[in-house]
Amino acid sequence: MPQWSGPTLIAVFAGFGLAFVLVVPYVAISYRKRGELGLLRAIAAPAFLVYCFALVTYTLLPLPNVDATYCATHEALRHPVWNPLQFLADMKQFNTGLLDNPALRQVLFNVAFFVPWGVFLRRLFERSIGFAIVSGFFVSLAIETTQLTGVWFLMDCPYRLFDTGDLLSNTVGAGVGALLAPVLRRSGRLRPADEPRPVLARRRLLGMVLDLVSVTLVGVVLSMIALAVQYVTKGTLQNNTLIDDVLGRWVPTAVLLLLVPLAGNGATPGQRAVLLTMVRADGRPPSALQSIARFLLGSGGYFILVGLNSGWTSLWLLAHLGFMVFTRGHRGLTGLVCGLSVVDTRAVDREPVARSG
C-alpha cells in the first residue's frame with residue numbers, strides 16, 4: 001500500500017465519521033436557512049470535512065521518530081525559509097523540463113491543495129472572495145507554524161520546514177478557488193426559505209435516515225455512559241446485553257420516535273429536521289393512540305425487531321420503503337394504516353388533507 005494512502009484513509013474515515021455526527025443539525029439548519037438541503041450541499045458538506053482532515057494529515061503525517069539524533073541530523077529544519085520566491089532558485093538546481101521540475105511541481109501542488117478551500121468558502125459558506133483568501137492565508141500560517149514548532153512543542157524539534165513559499169502558494173490557491181467558485185453556482189430561481197416545498201420521496205427518505213442516525217448516536221452515548229459507570233464502580237468492562245439492547249436501542253428509540261412526537265406536533269427528530277410532520281385529515285396533529293400505533297408499526301417496531309435479533313427486519317424495512325415511495329403523498333405504511341398524511345410544516349394554513357391511498 002503506498003505511503004500516501006495512510007493520510008488519505010485517515011482523512012476519509014475521520015471526515016465521514018464527523019459528518020455522521022453532525023448530519024442531523026446540519027440538515028436542520030440548512031432547511032431553516034435555505035428551505036432545503038440540495039444535492040450540491042449534501043455532497044459538499046462531508047467533502048469539506050474530509051478536505052479539512054486532509055489538510056492536517058497531508059501536512060503533519062507521517063510522524064517521524066523525533067529524538068536527539070533526528071534533531072541533530074535535521075538542524076536545517078530549525079531555520080525557516082523567509083524568501084517566498086526561493087522556489088525560483090530551487091528550480092535552477094534541476095536539469096529537467098519545466099513541467100518535470102520537482103521544485104515547480106511542489107509549488108503547483110501547494111496551489112492546487114488550497115483551491116478547494118476557496119471553493120468551499122465561497123459556495124458552501126457563502127463568504128466573500130476576500131474572506132476566502134485571508135482565511136486561506138491564516139490556515140496555511142497555522143499549518144506552517146505547527147510544523148515550525150514541532151506540533152506546538154510536542155516534538156523535541158521541527159520535523160518539517162517552515163517555508164513562506166508554501167504560505168504564498170497556499171494563499172494563491174485559495175484565491176484561485178474563490179475566483180472559480182461561481183462556475184459551480186446553481187442555476188434556477190432561488191425560492192424563499194419559508195416557502196413550502198413538495199413532499200418528495202427523497203425528502204421522506206432523508207428524514208428516515210436522520211431518525212436512524214439520531215437513534216444510533218443517542219444509543220452510543222448512553223452505552224458509553226453506562227460502560228464508564230461500570231468501569232468506575234467495578235473496575236472492569238464486561239459485555240452486557242442490557243446495555244447493548246436497552247440503552248443502545250430501545251431507550252433512544254422510545255424517547256426519540258415515540259415520546260418526542262407525542263410531546264410535539266407528531267414529527268420525529270428526522271422529520272423535524274426536514275420540516276415535515278404528520279397530520280390527520282382535518283389538519284390536526286396525530287392523537288396519542290395514532291402516535292403509538294404509528295410507532296409500533298413503523299420505525300419503533302423495526303428497532304424492537306433489531307433488538308430481538310428477528311429475521312423479519314429486512315422484510316419490514318423493504319415493506320416500509322416500498323409504501324413510502326408508492327403511496328400518494330409518500331405517507332407510507334404507517335400513515336396509510338393510521339389515517340395520517342405527511343405535510344410540510346411551513347404550510348401554515350392547515351387546511352383539511354384529503355385521505356388517499
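A residue counts as partly exposed when its relative accessible area lies between the buried limit, under 20%, and the exposed limit, over 50%. The legends below describe close-up views of a predicted model.

**Figure 1. Glu 126 in the loop between H5 and H6.** The relative accessibility of Glu 126 is 47%, so this residue counts as partly exposed. The backbone of Glu 126 has a positive phi of about 55°, although the residue is not a glycine.

**Figure 2. The crossing of helices H5 and H6.** Two packed helices are described by the angle between their axes and the distance between the axes. The axes of H5 and helix H6 (residues 129-148) come within 9 Å and cross at roughly 135°. The two helices H5 and H6 are therefore oblique to each other, and their crossing is right-handed. From H5, the residues in contact are Phe 114, Trp 117, Gly 118, Leu 121 and Arg 122. These meet Ile 129, Phe 131, Ala 132, Ser 135, Gly 136, Val 139, Ser 140 and Ile 143 of H6. Sorted by class, the contact of H5 with H6 comprises 8 nonpolar, 4 polar and 1 charged residues.

**Figure 3. Asn 110 and the residues it touches.** Asn 110 belongs to helix H5, which covers residues 102-124. With a relative accessibility of 8%, Asn 110 counts as buried, because the limit for that class is under 20%. Residues up to four places away in sequence being set aside, Asn 110 touches Asp 166, Ser 169 and Asn 170.

Figure 4. Apart from neighbours within four places in sequence, its contacts are Pro 64, Asn 65, Leu 77, Cys 157, Pro 158 and Tyr 159. Arg 204 lies 134 residues from Tyr 70 along the chain, and the C-alpha atoms of these two residues are separated by 57 Å.

**Figure 5. The cis peptide bond between Leu 61 and Pro 62.** The bond joining Leu 61 and Pro 62 is cis, with omega about 0°. Pro 62 is placed in the loop between helix H2 (39-60) and H3.

**Figure 6. Phe 153 in helix H7.** Helix H7 covers residues 150-153, and Phe 153 is part of this helix. Phe 153 has a positive phi, near 70°, in a residue other than glycine. Its relative accessibility is 64%, so Phe 153 counts as exposed.

Methods: Residues numbered from 1 in each chain as written. Predicted model: local features only at pLDDT ≥ 70, side-chain atom pairs only at ≥ 80, totals over all residues. Heavy atoms only, no water. Helix = DSSP H or I, 4+ residues; strand = E, 2+ residues; numbered from the N terminus. Buried < 20%, exposed > 50% of the residue type's maximum accessible area, 1.4 Å probe, protein only. Contact = heavy atoms within 4.5 Å. Axes fitted to C-alpha atoms, helices over the stretch in contact; angles between N-to-C directions. Parallel < 35°, antiparallel > 145°, perpendicular 65-115°, else oblique. Left-handed = near helix turned anticlockwise from the far one by under 90°. Nonpolar A, V, L, I, M, F, W, Y, C, P; charged D, E, K, R; others polar.
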